[in-house]
Amino acid sequence: MTTAVAAPFRFFSLQVVRTRRLGPSVVRITFAGDDLRTFRSDGHDQSLSLFLPHPGQSEPAVPIELGDFWWQGWRELPDDVRAVMRSYTLRSLRRGPGEPDEIDIDFVLHGVQPGAPVPAGPASLWASRAAAGDRVVLIGPAVADNRAIRFRPPEDTDLVVIWADETAVPAASAILEQLPSGTRAHVWLEAGQAGDIQDLATEADADVTWLVRGTGSPTALTALKDAELPDAQAPYVWIAGESGQVKEVRRHFVGERGIDRRRITFVGYWRQGLSEEQLRAEE
């Protein structure tokens, strides 16, 4: 398995270039900026920290000028001034001769639809209203192979297994796009609505199953228990999404499938009932 570099991360000041709806509750936002010249990533499931402005602010309030002490300075700002900080994954990075560097981030718009069971959070509200020229600040990698990339199958892997809820679909999609031809993959992806299902490009020999919540589709765990995986001597499993579900899915692969826990990567992107601020406070 590849060893990750303890990479330095830095701030990037970016602007929205364009937005595109991928479905009723998913929007892709493209960002650009001169700072991206020093952005480095091998892709896959690259994690990023994104700072967003509050309504009425022209840019997010992040005390970058404090250098290594920015975190304490940011925490001490008033709640209605301090930039909203959220974790996302890089969907894609584009560089072309004569063209500006761009990155895409896909946002799930929780709570912005009429009649939504939960109110929209500040990041969903911002993403639903984002327009060209809007300013954000990003913490991202300055070294391509860094510890914020979790997808690291061992060299002997003969089957890649992926499970992701809708918050981890962008990362899973990026992984699929980069799997080499001939790679066997078995994939389960959750969507909030049928309209959020996407056509994913991959050269891998991938069996992709979409599960739409609330439409009679089986739960993630039921779908996994009912599924037959191809024979494999050295499978590798990547699981990401809501922390409780991630733990259940991991237990299934270890306890019922007998897969070596060292060959399973599991990442809790969020936890039911807790905001990201509450999660960070616990950490």
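Thr-202 is placed in the loop between E9 and strand E10 (205–212), where helices (H or I, at least four residues) and strands (E, at least two) are DSSP runs numbered from the N terminus. The model is predicted: local features need pLDDT of at least 70 and side-chain atom pairs count only at pLDDT 80 or more, while totals for chains, interfaces and linings use all residues. Residues are numbered from 1 along each chain as its sequence is written, and side-chain values use heavy atoms, with hydrogens and water left out.

With a relative accessibility of 30%, Thr-202 counts as partly exposed; buried means under 20% relative accessible area, exposed over 50%, and partly exposed in between (1.4 Å probe, protein chains only). Leaving out residues up to four places away in sequence, Thr-202 touches Leu-176 and Leu-179, contact meaning heavy atoms within 4.5 Å. Its side chain reaches the backbone oxygen of Leu-176 at 2.7 Å, and a polar atom of that Thr-202 side chain lies 3.1 Å from the backbone nitrogen of Ala-204.

Which elements each supply at least two residues of the lining of the largest cavity? They are strand E6 (102–108), helix H3 (169–178) and strand E9 (184–191). On a 1 Å grid over the protein atoms alone, a cavity is a set of points where a 1.4 Å probe fits but cannot get out, a pocket is an open set with protein on both sides within 12 Å along at least five of seven lines, and lining residues have an atom within 4 Å of a point. Grid points are joined across faces, edges and corners, and a volume is the space filled by probe spheres set on the points. The search of the whole structure finds one cavity of 30 Å³ or more, and the largest cavity has a volume of about 90 Å³. Of its 13 lining residues, Val-26, Val-108, Glu-166, Val-169 and Gln-198 lie nearest the centre.

H3 also takes part in the second largest pocket, which holds about 310 Å³ of space; strand E8 (159–164) and H3 are the elements that give two or more residues to its lining. That lining has 20 residues, of which Phe-151, Pro-153, Pro-154, Leu-179 and Pro-180 lie nearest the centre of the pocket.

Strand E6 contains Asp-106, which is buried, with a relative accessible area of 6%. The side chain of Asp-106 makes a polar contact with the side chain of Arg-28 (2.7 Å); such a contact is a pair of N or O atoms within 3.5 Å, and within protein one must be able to donate a hydrogen and the other to accept it, residues adjacent in sequence counting only if both atoms are side-chain atoms. Beyond its neighbours within four places in sequence, Asp-106 is in contact with residues including Val-26, Tyr-88 and Pro-170.

Tyr-88 is also among the residues touched by Leu-48, as are Phe-39 and Ile-105. Leu-48 belongs to strand E3 (residues 47–52) and is buried, with a relative accessible area of 3%. Over the protein, buried residues make up 47% of the 283 residues.
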